[in-house]
Amino acid sequence: MYRGIHTPLVTKELWDNVQAIRTQRYARKPRRAKRDFAFGRMIRCGHCGCALVGELKKAKYTYYHCTYYRAKCPEPFVREEVLEEKFTEILGRLRFDGEVLDWVKQALREGHVDEQRFREESITRLRNEYDKLQKRIDAMYVDKLDGKVGARFFEQKSAEWREEQSEILRAIQKHQEANQSYMEEGIALLELAGLAVELFEKQPAGEKRRLLDFVLSNCTWANGELTPEFRQPFDMIALEATACPKEKVAGTSFGDLCQARLPR
Ligand SMILES: [Zn+2]
């Protein structure tokens, strides 16, 4: 690739917008298909490691089964209702009393502080780059007025720098957007997870999936049993809740233990 000097047919903005729409279109199609089934591709087959996919039978019963990509698999089809029951049971292992909820919120906030700092630093760095480019453009404009640089060279160079500037602005915008929703969504989902068992059944499929994705990472299905992997920090809550009787979970020692294991 090399930089031409002809007038662009379309603006850089328009080009970028069109590219963004195109990639979205390509990206959306497979995602939509996956979302049709609440648990599609979120569970791996415990025998062969393939993804479990949903399939509609007789236009009303949803079954899940191994994709059988690798070999013949012994795991039979399973009804969606059965998986739903298993997930309900798994979410029931998360016991949120007030203390635990506060602790998890704190963990989320602390994680967010780090992320926010990173984003703010990035934004500052980008703003400095933007200003530096602006100074260059201004200085070269003066040179052009003084006849030190030719008009054509000025046009070419300043166009190049302005393009860099608009890329920087887009990067800044991305950082700002990412900063906003993270916490509110996290807390809302967390409160939802605290009431997980009660709410899970009432949620529409899409919300169920969001809740599960927030709490669980990998799930495997084999011999009619669902084995979940909880995401941090839910792994500890689930672990403590099953390992200890409830009184112990609510005690101060649990809080101390969690503090000690918090990522810093
Ligand atoms: Zn399988």
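The largest pocket of this predicted model has a lining of 19 residues, and Arg3, Gly4, His6, Pro8 and Glu163 are the ones nearest its centre. A pocket here is an open set of points on a 1 Å grid over the protein atoms alone, where a 1.4 Å probe fits, with protein on both sides within 12 Å along at least five of seven lines; lining residues have an atom within 4 Å of a point. Helix 1 (12-35) and helix 4 (151-194) each give at least two residues to this lining, and helix 4 makes the largest contribution, with 6 residues.

| Lining of the largest pocket | Residues |
|---|---|
| Nonpolar | 8 residues |
| Polar | 5 residues |

Now to the nonpolar cores. Such a core is a set of buried (under 20% relative accessible area, 1.4 Å probe, protein chains only) Ala, Val, Leu, Ile, Met, Phe, Trp, Tyr and Cys residues joined through side-chain atoms within 4.5 Å. The largest one holds 29 residues, and Phe39, Ile43 and Phe87 touch the most other members. Elements giving two or more residues to this core include strand 1 (43-45), helix 2 (80-91) and helix 7 (234-243). Helix 2 provides the largest share, 4 residues.

Leaving aside residues up to four places away in sequence, Phe39 touches, among others, Leu52, Tyr64, Leu83, Phe87 and Phe200. A second, separate core has 10 residues, including Ile123, Leu133, Val149 and Ile172.

A word on the basis: residues are numbered from 1 along each chain as its sequence is written, and side-chain values use heavy atoms, without hydrogens and water. Local features need pLDDT of at least 70 and side-chain atom pairs count only at pLDDT 80 or more, while totals for chains, interfaces and linings use all residues.

Technical notes: Nonpolar A, V, L, I, M, F, W, Y, C, P; charged D, E, K, R; others polar. Buried < 20%, exposed > 50% of the residue type's maximum accessible area, 1.4 Å probe, protein only. Contact = heavy atoms within 4.5 Å.
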